[in-house]
Amino acid sequence: MNELHPLTQAIIAGKRKEVPDLVAQCLAAGESASAIVEHRLVPGMAIIGEKFKLNEIFVPEMLIAARAMKEALKVLEPLLAAAGVKPEHIVVIGTVEGDLHDIGKNLVAMMWKGANLGVIDLGVNVPPARFVEAIREHQPELVGLSTLLTTTMPAMRDTVKAIRDAGLSVKIVVGGAPITREFAREIGADSYAPDAGSAVDMAVALLQGKA
Ligand code: B1M
């Protein structure tokens, strides 16, 4: 960890109060906003994702790191927009209808942002028709569906069906505590990710046509 840049270390350690100053130092040293995202922030979140997958850290540390990353993005987002640097891919995410749980979905959304994806977050309790409408409006390449309740698994199935029935060409990744790879396959999703770290790997693989 010592050879990592101090900003990357601060993201991993979740030192969110130190992050704006460290971002300012990088900018003062001539690093571009996009280089800071690519070389300082994304590697930090990648390490967090790996540690989470390996059970070396748990949800609190991941949330703390994600919040630290948000502080950095708060400083950089206007600069990225001003420089016309757009995320390479747009993705839509939401928690399906009937489900109000959003902590896991928010983690996935933050990790996706950290991987420089343009995330449109529809929030919680999102009806299938709203997903369809958002896909038509934003033309994402990927849509992520989350649910935590066994009682809302049918709503996830309905959402996938509504997207497919609408003839929309978009990859669908699903996740959440009761979801399994088998269920994902059964309802016609393209992929399943068990946690936020895997959701990044899965999104990148799907977007690069490797999954
Ligand atoms: Co609720 N709740 N809850 N709850 N709640 C659970 C899910 C439950 C397992 C608790 C229990 O009984 N042991 C249970 C579900 C049982 C079941 O369906 N089999 C349950 C229940 C029953 C309920 C209510 C029905 C309770 C009631 O009112 N009687 C009610 C339902 C409300 C509704 O949604 N309509 C309810 C309400 C709530 C609160 C509002 C109080 C609160 C949610 C607050 C919020 O989200 N803002 C809450 C909470 C906090 C929980 C527990 C305790 C914690 C959930 C959580 O945030 N985990 C939960 C018990 C538990 O999980 N142990 C429970 C941390 C989070 C980081 O993990 O969301 O799993 P998770 O996300 C992971 C992965 O699943 C994955 O990545 C994330 C990070 O690794 N992932 C994806 C998630 N989405 C993904 C999408 C992807 C890929 C990966 O791709 C797109």
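Modeller: A salt bridge here is a side-chain nitrogen of Lys or Arg within 4 Å of a carboxyl oxygen of Asp or Glu; please keep in mind that this is a predicted model.

Colleague: Which residue forms a salt bridge with Asp165?

Modeller: Asp165 is exposed, because its relative accessible area is 56%, and it lies in helix 7 (residues 153–165). Four residues apart from it in that helix, about one turn away, is the partner whose N atom comes to 2.7 Å from the closest O atom of Asp165, namely Lys161.

Colleague: In the salt bridge of Glu71 and Lys74, is Glu71 buried or exposed?

Modeller: The two side chains meet at 3.3 Å, N to O, and because Glu71 and Lys74 are three residues apart in helix 4, about one helical turn separates them. Lys74 is exposed, with a relative accessible area of 56%. For Glu71 the relative accessibility is 18%, and since buried means under 20%, Glu71 counts as buried.

Colleague: How far apart are the closest N and O atoms of Lys51 and Glu56?

Modeller: Lys51 counts as partly exposed, because its relative accessibility is 26%. Its salt bridge with Glu56 falls within the 4 Å cut-off, the closest N and O atoms being apart by 3.9 Å.

Conventions: Residues are numbered from 1 along each chain as its sequence is written. This is a predicted model: local features need pLDDT of at least 70, side-chain atom pairs count only at pLDDT 80 or more; totals for chains, interfaces and linings use all residues. Side-chain values use heavy atoms; hydrogens and water are left out. Buried means under 20% relative accessible area, exposed over 50%, partly exposed in between (1.4 Å probe, protein chains only). Helices (H or I, at least four residues) and strands (E, at least two) are DSSP runs, numbered from the N terminus.
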